[in-house]
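Here's a quick walk through the model on screen. Have the viewer open and follow along from one spot to the next.

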Amino acid sequence: IGLSQGWLTAEATGDLAVTTGLANLDQALSHRLETDPGELLYHPDYGCRVRDLLGHGMNPALGQLGAAFVDQALRADPRVARTEAARITFGAETLRVSGAAVAGDGKQIPISIGGGN
């Protein structure tokens with residue numbers, strides 16, 4: 001859905017505007033990373049398990065596990081050919097994900113989400 005400063009936008013025809021191309025992929029990947037598996041009733045496998053790691057403290061093994069969760073979630077979108085430099089940092093109640101997804105046409109989509117629990 002098209003947004004402008006947090007408001008839905010409309011086409012000249014009055015229909016809701018939609019996001020397309022790389023902007024759509026960027027939006028879709030952000031939504032997938034910010035959704036816990038099981039959160040969507042009819043799509044129980046959709047989402048990313050990285051927030052399961054909150055509250056466990058940061059160590060190298062959990063950082064690698066978090067990066068694997070992010071990689072798996074990003075590559076679940078068929079438009080993503082590969083991921084690059086997935087990096088996770090987290091604490092008791094904060095999580096930050098960064099890296100890049102590479103679309104099938106080779107264009108990179110920077111990934112940066114983070115914040116509190």
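## Around Thr-35

Leaving out residues up to four places away in sequence, Thr-35 touches Leu-40, Tyr-46, Gly-47, Cys-48 and Arg-51, where contact means heavy atoms within 4.5 Å. You'll find Thr-35 in the loop between H1 and H2. Helices here are DSSP runs of H or I with at least four residues, strands are runs of E with at least two, and both are numbered from the N terminus.

Is Thr-35 buried or exposed? Its relative accessible area is 12%, so Thr-35 is buried. The cut-offs are under 20% relative accessible area for buried and over 50% for exposed, with partly exposed in between (1.4 Å probe, protein chains only). A polar atom of the Thr-35 side chain also sits 2.7 Å from the backbone oxygen of His-31.

## What you're looking at

This is a predicted model, so local features need pLDDT of at least 70 and side-chain atom pairs count only at pLDDT 80 or more, while totals for chains, interfaces and linings use all residues. Residues are numbered from 1 along each chain as its sequence is written, and side-chain values use heavy atoms, with hydrogens and water left out.

The pLDDT (the predictor's confidence in each residue, from 0 to 100) averages 87 over the chain, and 91% of the residues score at least 70. Where pLDDT is low, the predicted coordinates should not be read in detail.

## Overall layout

The chain has two helices and five strands, and along the sequence they follow the pattern β-β-α-α-β-β-β. Its C-alpha atoms fill a box of roughly 55 × 30 × 30 Å along the principal axes. Of the 117 residues, 32% count as buried. Taking contacts between residues at least 6 apart in sequence, 33% join residues at least 24 apart.

## Helix H1

How does the span of H1 compare with what its 13 residues should give? At 1.5 Å a residue they should span 18 Å, and the end C-alpha atoms are 19 Å apart, which agrees. The expected span is 1.5 Å times one less than the number of residues.

The buried residues of H1 are Leu-25, Leu-29, Arg-32 and Leu-33. Looking down the axis of H1, these buried residues fall within an arc of 95 degrees, so they line one face of the helix. That arc is taken from the directions from the helix axis to the C-beta atoms.

## The nonpolar core

The largest nonpolar core has 23 residues, and Leu-33, Val-50, Val-70, Ile-88 and Val-97 have the most contacts inside it. Such a core is a set of buried Ala, Val, Leu, Ile, Met, Phe, Trp, Tyr and Cys residues joined through side-chain atoms within 4.5 Å. H1 (21-33), H2 (60-75), S3 (80-90), S4 (94-103) and S5 (108-116) each supply at least two residues of this core. H2 gives the largest share, six residues.

Zoom in on Val-97: leaving aside neighbours within four places in sequence, Val-97 is in contact with Leu-33, Val-70, Arg-87, Ile-88, Ile-111, Ser-112 and Ile-113.

## A backbone angle to check

Ala-85 lies in strand S3. Its phi is near 55 degrees, a positive value in a residue other than glycine. Most residues other than glycine have a negative phi. Ala-85 is exposed, with a relative accessible area of 66%.

Key. A polar contact is a pair of N or O atoms within 3.5 Å; within protein, one must be able to donate a hydrogen and the other to accept it, and residues adjacent in sequence count only if both atoms are side-chain atoms.
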